[in-house]
Amino acid sequence: MAVTQSASQAEQLDVLIVGAGFAGLYQLERLRSLGFSVRVHEAAPALGGVWYWNCYPGARTDSNGPIYQYSREDLWRDWDYDELYPSWAAVRDYFTHVDDKLELSKDIEFGRRVRAAEFDCAENLWTVDSDGGPAVRARYVVLCTGFGSSPLYPRIDGLDEFSGECHHTARWPQEGLDLTGKRVGVIGTGASGVQVIQELAPIASHLTVFQRTPNMALPMRQRKLDDCAKRRLKQEYPERLAARASTFAGFDLDFLPSSAHESSEDERERTFEDLWAKGGFHPWLGTFHDVLGDERANDAMYRFWRSKVHRRVEDPRVAELLAPKTPPHPFGVKRPSLEQNYYEMFNRDNVQLVDLKATPIQHAYHSGLRTTAGTHELDAIVLATGFDANTGGLTAIDIRSTTGESLEQRWSAGVDAALGVATAGFPNMVFVYGPQSPAAFCNGPTCAEIQGEEIVKLLTHARDSGAGRFEARADADKAWTEELNAIFDASLFTRADSWYLGANVPGKPRQMLNYPGGVPAYFQRWADVVQSGYTSAFTFA
Ligand code: NA7
């Protein structure tokens, strides 16, 4: 038995939501307003989801502020971020603003990490066990654990023996950590690594960056927003927020109709320059429509990106490690990060770049790390090594199917999840930002709202139909996987070992875990399912 407490003693709800980030709060407010009895269990002591845990120096969004919030006018009208790309602290303040407006906390229990869930087939109820309180029973469970909530720790022999500070970026001390004047090592150069390196390089006595794969980072074009800029920006909110549903990745920008390899070299360079000047994700998600699909177009973008990096890094040997002549993988098929002065950090005397492909880490010892090339004496190690993304937050919970199989076992050979929202054998359970949904290919708040709203309608339909349970159809699960694979196999995404595919986790099956057909296509598939009365993807009994 996964669940410990006797079911008869447990409180009964219509819906238990797991997680109090963007997705969970959207579900809470909407379902509550539709008359469901709802409770949220949140592991952290506060709101915010990833923005509670990721409080490392420099943590901020890679989405611009106007679209990094809910689209309700009563929420955005009197809310402003002070920077175009808000920091973790500003996003936390935003959650407080939302809570003040919508009185969400009264239905949230904090400090309640969900450990196990078991379905009672006779009663059609889930019994859910969480830390810090009694089990609850719920008709429906909505998992809003986020696609990046299960930190991935590197397997480094002897790391336990390291006597200095050692923290994963996603488990950074909430009280902060002063690394001024320290010798710091950062392992990983994904979004978190890039951000933390920019902050620590100027204050550390020495910073060693351990890079396995270079990040094809793009200019953020961060700026502070004064009152005048905020007023101007606010006039654009309705348009920017409305654009999200119709763009490939749920942003306020989209691919150009023109093709890179059909453009003349001059036109192509001009466009690349223009997108570069705009910054943010423009060079990635606002570029020629064929850059992410056509090898020649992609190569042209890679060369452009590389030349930009080389101009900023003084030592040609270091520049070559950061932006090699032979691309490690096609441009943009691993997530590019947004940077402010990342490349300039490598011109500092106190910053050293270590190429882990050439000289891997052998082991840690009490005062540092040893690679095959020698030792690095360190006072602190920052593990910016990412997540067991897409599935880790879900499989960390011991969720049992109607036959007693755990979700982890069910997906051990690969995920099958109809619409990326539910899976056969786990009735009355859905996940937001789930594996095989647009998740990591979609701006977070966009997905929380648009996919969230489809989930709200599905639960309302299930309740109003009088069915005791609904469940993803096994054939719909399989068909969905085949649909994803077909898009994926024809793309350049196959050519990188990215966390989009689970390839960053040793032993994890390699498969595309994010719907790669774009937000509009995804919601067209939802519309098809709704049109069938939901029965093309779900059974109701
Ligand atoms: P990412 O993007 O997964 O980056 C993790 C980085 O850590 C990446 O550079 C990895 O190299 C590196 N890594 C991971 N494991 C190891 C080991 N064992 N040794 C050395 N280097 C390692 O995570 P982030 O937290 O930066 O970003 C996560 C996303 O969450 C972000 O993009 C947002 O969408 C939200 P690799 O590239 O695998 O060779």
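This note comments on the ligand site, the cavities and pockets, and the salt bridges of a predicted model.

1. Ligand shell. The ligand is surrounded by 18 residues. Ala191, Ser192, Arg212, Thr213 and Lys334 are the closest of these. Sorted by class, the shell around the ligand comprises 8 nonpolar, 7 polar and 3 charged residues.

2. Arginine 212 places a polar side-chain atom 2.9 Å from a ligand oxygen atom, and arginine 335 has a polar side-chain atom 3.1 Å from an oxygen atom of the ligand. The backbone also takes part: a polar backbone atom of glycine 190 lies 3.4 Å from a ligand oxygen atom. On its own the ligand has 780 Å² of accessible area, and the protein covers 83% of this.

3. Cavities. The model contains 3 cavities of 30 Å³ or more. The largest cavity holds about 50 Å³ of space. Its lining consists of Gly65, Pro66, Asp80, Tyr81, Glu83, Leu84, Leu225, Lys230, Leu233 and Tyr237. By class, 6 residues in the lining of the largest cavity are nonpolar, 1 is polar and 3 are charged.

4. Second largest pocket. Helix H6 (residues 227–243) supplies the largest share of the lining, 7 residues. The class count for the lining of the second largest pocket is 9 nonpolar, 5 polar and 9 charged residues.

5. Salt bridges. Side chains of opposite charge can pair when their charged atoms come close. In this model the count is 36 salt bridges. One of them joins the side chains of arginine 60 and glutamate 83, with an N to O distance of 3.0 Å. The two residues are 23 residues apart, and the pair links distant parts of the chain. Arginine 60 belongs to the loop between helix H2 (50–53) and helix H3 (73–76), whereas glutamate 83 sits in the loop between H3 and helix H4 (88–102).

Technical notes:
Residues numbered from 1 in each chain as written. Predicted model: local features only at pLDDT ≥ 70, side-chain atom pairs only at ≥ 80, totals over all residues. Heavy atoms only, no water. Near = heavy atom within 4 Å. Polar contact = N/O pair within 3.5 Å; in protein donor to acceptor, adjacent residues only side chain to side chain. Areas by Shrake-Rupley, 256 points an atom, 1.4 Å probe, with all protein chains shown as cover. Nonpolar A, V, L, I, M, F, W, Y, C, P; charged D, E, K, R; others polar. 1 Å grid on protein atoms, 1.4 Å probe; cavity = no way out; pocket = protein on both sides within 12 Å on 5 of 7 lines; lining within 4 Å. Points joined across faces, edges and corners; volume = space filled by probe spheres on them. Salt bridge = Lys/Arg side-chain N within 4 Å of Asp/Glu carboxyl O. Helix = DSSP H or I, 4+ residues; strand = E, 2+ residues; numbered from the N terminus.
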